[in-house]
Amino acid sequence: MEEYDAVVIGGGHNGLVAALYLVRAGWSVAVLEQAGAVGGAIASGEVTLPGFVHDLYATNQNLFVASQVHADFGPDLARHGLRFRVCDRPFANAFPGGQSLRVYRGYERTLDGLAAHDAGDAEGFADLYRFYQRFAPHLFGFYGCALPSAAAACEAARLLARHRLRGAGELVRTLLMSTRELGESRFATREARAMAACWGMHLDFAPDVTGGAVFPILEIFSDMETGMAVVEGGAGRLPEALAAVVAEGGGTVRTGVEVDRVLCRNGHAVGVRTTDGTRVAARRAVIANVGPRALYERLLPQAGVPASVRRGVRSYRYGPGTLMLHLALDGPVPWAAGGDLFRFGYVHVAPYVDDLARTYAEAQAGLLPADPLLVVGQTSAIDPGRAPAGRDTLWVQVRAVPAKVRGDAADVIPGRQWPDVADAMTERVLSKLERYAPGVTGLVAAYAAHTPRDLEEANPNLVGGDNGAGSHHLTQNFMFRPLAGHSRYRTAVPGLYLTGAATWPGAGTNAASGRLTARQVLRDAHGGRRRLRARR
């Protein structure tokens, strides 16, 4: 039997990051990934035509670029081919009648555009940016800490010392807002309000869900300050580089190896068993980069799981599904709004807040939305090497759609299974895009549609096509993610840890969960005294 200090189940980026820090601490580590390649929801491929490289899931890598992991290991990752392309036009919204709002990399340029649209929008944007400047250091500080923890308590103390109770109260009140409330508190027009609300829909925050305001606040202004980054040559190069650095440090990374059981002895995790019967021992820790249901209902014997944990796992909720549409185009998108809109990283096509609310309600009711949100990623505008000269790749995330189809909100599309409705839903998406970019459908050389069912089959962590691997609503976020008693990455089984998007701080490519999990593993292994440091 093979034996390592730690075994990591799943080669998503958080699993690889946890392995990376443990290897740097001198541990022997094996990462076992069931798919044919590492990466999980960070992957790329030529799924339409040769020469067109598409990011299959996540594409915006701003969070990883700004992460502590990149700060610690950036030069090592670069040696293994990881490069980023950054555009100075991060995102925009397109509206009927050829209107748009555009956020540039640069405050003054962005503010000028908003002022040209409406003076009240510019005033509200400036006020919200001042709020961001005051509180963002604390918010990012909390996102880099385990919850609860001494580090989080210290950050709270810094917040109170600097802003007093009144300022802290203002922060809490704003973060508890829905995205509709945030927009109405700051902006004068429905266009600017939609600009904020669209960001909530990237997760599962419909316009009227409490706590949705935090993501738009952080995303709008961090994008404005830094631009939007994608991986040069395709998102899959990011996990490939992580795996290469793990292997360079002596770790083992294997693909095409599926774990079907966590092995326990005397109530402690001691290794794993793969589907071919191979047993791999773990002297010090098993780290599962999976969802809580997969861990407790598939990988662990039920007899060893406390009843309270089983109840918590059964109540773990997933958000609505996602339809991914990848297009190979014979030229840039001919947006009706014109100008430089074809050069923006993201273009949100909603158009308005009420449309977002209706879409979310329809998806939650099991209905194909009549007018879904389109997050249009113009990837080759940022990284021209993604497509042949003069042609473009387009990444379209359709939010939100039902995991299981019960009907069609427009009462046009028949069928109750995704394979039966995928083509018609794709036509609905392309028809909507055509309304905002007349002529774009004539540029489509090929396309590939990945339904919620396809997403889950490719990556079991994306249950029902939920790109966040679990709802981020307040009852399942912060110290309640994924469930009570699990927020510090420990599980109900000593020696077994849980990492990934289902744990704090949730979805996104910030790699924080993997880093914080490794920190917890090392502290437990050394009696809580040793701190995690990357050796340069």
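Predicted model: local features only at pLDDT ≥ 70, side-chain atom pairs only at ≥ 80, totals over all residues.
Local features were taken at pLDDT of at least 70 and side-chain atom pairs at pLDDT 80 or more, whereas totals for chains, interfaces and linings use all residues. Residues are numbered from 1 along each chain as its sequence is written, and side-chain values rest on heavy atoms, with hydrogens and water left out.

Across the whole structure, the search returned 18 aromatic pairs, a pair being two rings of Phe, Tyr or Trp (for Trp, the six-membered ring) with centres within 6.5 Å, classed as stacked if the planes are under 30 degrees apart, as edge-to-face if over 60 and as tilted for the rest. Tyr107 and Phe125 form a stacked pair, because their planes stand at 20 degrees, with ring centres 6.5 Å apart. This pair joins distant parts of the chain, since Tyr107 belongs to helix H4 (residues 107–117) and Phe125, 18 residues away, to helix H5 (residues 119–143); helices here are DSSP runs (H or I, at least four residues) numbered from the N terminus. Tyr107 is partly exposed, at 23% relative accessibility, whereas Phe125 is buried, at 0%, where buried denotes under 20% relative accessible area, exposed over 50% and partly exposed the range in between (1.4 Å probe, protein chains only).

Phe125 also pairs with Phe221, and this second pair is tilted because the planes lie at 50 degrees, the ring centres being 5.0 Å apart. As Phe221 is located in helix H9 (residues 214–226) and Phe125 in helix H5, the contact ties together parts separated by 96 residues in sequence. Both Phe125 and Phe221 are buried. Elsewhere, one aromatic cluster is made up of Phe91, Trp199, Phe215, Tyr346 and Trp395.

Arg186 is placed over the face of Phe131, at 5.9 Å from the ring centre, and the charged end of Arg190 sits over the ring of Tyr352, at 3.8 Å from its centre.

With a disulfide defined as a pair of cysteine sulfur atoms within 2.5 Å, the structure holds zero disulfides. Cys87 takes part in none, the nearest cysteine sulfur being that of Cys198, 17 Å away. Cys87 is buried, with a relative accessible area of 8%, and Cys198 likewise counts as buried, at 0% relative accessibility.

How values were computed:
Helix = DSSP H or I, 4+ residues; strand = E, 2+ residues; numbered from the N terminus. Lys NZ or Arg CZ within 6 Å of the ring centre and 35° of its normal.
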